[in-house]
Amino acid sequence: MNDATQIVRERATALLADGTVAAVVGWAAGRGDHDRHVFVARTPEEAALLVADQYCGALAAKRVLSLLDEGKIALVARGCESRAVNRFMADRQLKRDQVHVIGWPCPGMLDPATGDALKRCTECQRRNPVLSDEVVGDPVPEPELDRFAELERFEQKTPEERRAFFQDMYESCIRCYACRNACPCCTCRVCFVDQERVGWMGEEFTADQARYYGTVRAFHTGDRCIECGECQRVCPQHLPLMLLMHKQVRDIDGLFGPYPGGGMEPEGPDPLRTYHTDDLEEFM
Amino acid sequence: MSRIGVFVCRCGTNIAGTVDVDAVAQAASLMPNVVYVDTNKYTCSDPGQASIAEAINENNLDHVVIASCSPRMHEALFRKLLAEKTNVNPYQLEIANIREQCSWVHKDKAIGTPKAIELVAMAVAKVDSNVDLHTTQIPVTRRALVIGAGIAGIQAALDIADAGFPVTLVERETTIGGKMPMLDKTFPTMDCSACICTPKMSEAAAHPNITIKTLSEVEKVEGYVGNFDVTIREKAKYVDYDKCTGCGQCEEKCPQRKIPSEFNQGLSFRTAVYKPFPQAVPSKSTIDPAHCRMLTKGTCGVCSKVCQAGAINYDDVDRVTTERYGAIVVATGYELINWANIYPEYGGGRYPDVISGLQFERLVNASGPTEGHVLRPSDRKEPKTVVIIKCVGSRDPHKGVSYCSRACCMYAAKHAHQYLDKVPDGRCYVFYMDVRCAGKGYDEFYMRTLQDGAIYLHGRVSRIYERDGKLVCVGEDTLSDQVVSVNADMVVLETAMVPPEGAGTLATTVNIQRGPEGWFTEAHPKLRPVETNTAGVYLAGTAQGPKDIPDTVAQAGAAASKAIGLLCRGYIQSNPMITHIDTAKCSGCGACVDICPYGALSLVEMTARENSRKVTRVVAEVNAGLCQGCGACTVACRPGAADLLGFGDEGIMQEVETYAYR
């Protein structure tokens with residue numbers, strides 16, 4: 001058992017035992033050797049099942065939102081989970097006193113099947129939690145990398161190549177909405193795709209409909225994206241969903257920046273819903 | 001089943017010239033739920049309106065489409081018709097714009113007719129999804145705010161105050177008056193500018209309905225026509241105006257005496273505690289915190305010692321107040337273009353005797369730094385040759401601005417006249433591009449200047465350099481086709497008017513538009529010249545564009561009369577085309593609250609029964625008075641919980657589908 005797992009279990013047990021929190025959200029082991037899934041511990045016994053190691057690939061934060069009725073919730077939070085907490089607060093889905101953040105400086109996660117670093121971790125720019133009530137372990141050095149490398153490669157393509165790229169991408173989309181369900185930005189009560197509105201979004205299974213879904217989702221989340229890459233991790237078709245996100249984040253940085261990315265600050269509003277008297281208005 | 005009536009207008013030949021109106025009517029009669037179609041030569045005329053009302057009542061129509069001109073033109077008229085003469089709700093009306101967006105832009109009936117049919121089809125599709133909407137009356141706060149206290153602001157404030165409404169006059173300088181008291185004489189009558197301006201200033205100060213706030217700036221404007229909540233920052237003056245008698249003792253003793261005077265355009269000095277000029281209103285001293293020794297270094301305090309009234313207060317702070325106003329007049333004026341930065345060929349400010357027209361006004365003014373003797377700044381000698389250059393910055397899109405500043409032709413003539421009057425043995429050359437003297441008595445004045453002996457040379461000066469104590473002005477006289485060079489003792493540049501610093505911030509604060517040159521934009525250049533696109537905000541004076549004093553005063557009166565009209569009425573009709581929140585879809589994320597430019601949205605707690613459980617959650621709520629129906633929230637709202645009444649997603653989708661599938 002690694003140190004982090006041990007400390008997380010100890011802290012979760014203590015928090016549950018003294019009634020500070022009603023539940024602790026973290027990860028537990030599954031059947032396979034490196035299977036880890038998001039797990040909610042409500043008793044000290046369940047807390048003993050928590051795991052915090054290099055195979056906890058899933059983003060645990062969104063699970064907190066469905067538990068708020070139970071009381072204060074503790075969340076084991078790496079950089080991405082902590083940014084998700086900020087995201088929830090900026091979107092007014094969570095108040096700071098509703099969550100107890102057990103910060104966990106992230107060692108970087110591995111793909112349980114291949115043992116390689118997870119794609120979402122290779123593009124990560126923030127491993128240490130941006131907010132926490134307590135921290136498990138020592139801070140880790142922040143990665144120095146160009147998270148827009150893939151985007152830059154993409155932008156080398158000609159318009160025809162890009163069109164073909166997206167056509168191919170959306171033809172493979174099965175519209176399972178896993179990306180939406182995993183996304184910490186997607187906290188609407190009723191998603192636009194689930195609404196019965198004639199003429200907006202059909203049930204047809206075509207690349208056009210998938211493109212409509214993908215594009216609108218990109219616009220709904222792009223200015224708030226915390227770049228956790230969870231959408232891409234959960235996509236059963238392995239679509240490069242972060243491409244459109246990174247494009248928007250980089251554009252916002254260029255137009256209204258400096259912009260560190262979504263969820264870095266505890267409070268909104270986000271650049272595209274903020275109005276400054278000196279904003280660029282060259283189109284006016 | 002709805003019963004839709006379609007009325008197609010010929011607008012004389014305006015529409016009928018490029019659209020086959022009968023074919024449009026024929027096509028409309030086949031559209032879904034259309035039960036009545038008619039055409040009319042002039043739908044907006046009295047008989048045209050009467051025939052619509054009659055058709056609606058006789059045929060029991062419940063939705064109306066009028067295919068005519070832009071809704072900006074007559075939508076209100078037709079709504080009124082429905083409200084007064086029929087039982088149809090006025091918002092069950094759609095206008096298909098087949099004039100501005102169709103017949104006027106096409107030349108060929110073969111193109112115009114099918115397009116008109118498509119526009120009508122879209123309007124028919126949308127009107128079918130329209131719902132009844134109702135207006136309410138909102139009371140108006142019967143007070144006005146005037147921003148900027150130059151002659152335009154003063155005139156507007158006086159006119160509104162005379163009509164019996166309280167006015168707050170906000171000025172960012174230490175005195176009201178603006179540029180006019182700096183001028184010496186006014187063309188073409190040559191009456192003393194200060195002598196006609198300062199009585200207006202005193203009148204404003206003494207008026208029981210006018211509150212003057214100097215050294216003040218508008219920080220925030222919230223609310224809407226009739227009820228603007230305006231936050232004003234009154235900067236620290238370090239002098240208690242209630243105690244100060246304006247005696248000027250402090251000014252006499254202040255040891256900081258080398259500060260260039262703004263009022264005299266840097267041609268003389270002022271002190272750190274000062275009144276910009278003797279007739280300043282309010283007639284009180286103010287401490288300039290950037291230069292006061294006590295405020296910058298903490299040692300001095302002379303003014304405090306000599307002040308008998310005990311008015312000096314070094315601990316003074318800014319005062320921020322928020323008050324409600326019904327109408328706002330923006331009269332923020334102009335400033336002169338910073339010519340030194342863009343005309344290095346005129347010395348770029350290196351030669352002290354190359355001065356601006358406003359500096360010349362001070363030189364020639366009896367209360368100016370030279371007591372009215374024309375003496376050049378460098379050595380205080382009388383210049384015997386003066387060159388006046390017009391259009392410096394104006395009509396020069398490469399370096400300055402592309403527009404004409406309108407007043408300079410006249411004041412160049414005035415400067416030439418004044419110089420020749422004061423220095424009878426002097427010579428005065430005026431380099432000009434054109435002489436534009438449209439105005440009462442203006443051309444006569446110009447002719448008089450020519451008779452005075454001013455030499456007008458058609459051409460621009462390309463270079464000014466110093467040689468043997470003279471300013472050599474090299475230019476072209478295009479009429480004789482020769483390069484001329486004039487050895488001048490002094491050069492006067494008649495510089496362009498430009499929007500003052502901060503105009504852009506004010507535009508966004510008050511929510512009005514600016515044109516490409518930066519002047520505030522009127523709602524219509526001809527028919528609504530003092531209104532803005534924001535209801536309840538009016539423009540006066542050069543804030544809207546360069547103009548001379550008579551035009552400025554006339555426009556100020558016009559702006560005031562518009563404001564008075566609004567305040568007199570006492571109420572406004574609310575706009576029912578506002579946002580509606582579907583709380584079932586609203587997740588309370590607050591995107592709409594953040595984005596709303598009018599502060600019309602807020603988050604509230606709502607308790608509802610959901611899945612047989614009582615839950616309390618946060619949702620957005622619209623303030624119907626504040627919402628202007630701009631629709632910003634409806635785009636920010638991801639699940640579409642915010643929808644604009646009268647412009648709902650469904651109606652727009654119907655239009656798009658009708659267009660796409662036809």
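This is a predicted model: local features need pLDDT of at least 70, side-chain atom pairs count only at pLDDT 80 or more; totals for chains, interfaces and linings use all residues.
Local features need pLDDT of at least 70 and side-chain atom pairs 80 or more, while totals for chains, interfaces and linings use all residues. Side-chain values use heavy atoms, leaving out hydrogens and water, residues are numbered from 1 along each chain as its sequence is written, and chains are lettered from A and ligands numbered from 1 in the order in which they are written.

Across all chains, a search turns up 55 salt bridges, each a side-chain nitrogen of Lys or Arg within 4 Å of a carboxyl oxygen of Asp or Glu. One of them joins A:Glu227 to A:Arg147, with the closest N and O atoms 2.4 Å apart. These partners sit in loops 80 residues apart, and both are buried (under 20% relative accessible area; exposed is over 50%, partly exposed in between; 1.4 Å probe, protein chains only).

Other pairs stay within a helix (a DSSP run of H or I, at least four residues; strands are runs of E, at least two; both numbered from the N terminus). In α8 of chain A, A:Arg211 and A:Asp208 are 3 residues apart, about one helical turn, and their salt bridge spans 3.1 Å between the closest N and O atoms. A:Asp208 counts as exposed because its relative accessibility is 53%, whereas A:Arg211, at 27%, is partly exposed. Helix α9 of chain A holds A:Arg233 and A:Glu230, which meet at 2.9 Å, N to O, in a salt bridge. Here A:Glu230 is buried at 4%.

A network of salt bridges also links residues of both chains, including A:Arg87, A:Asp270 and B:Asp594.
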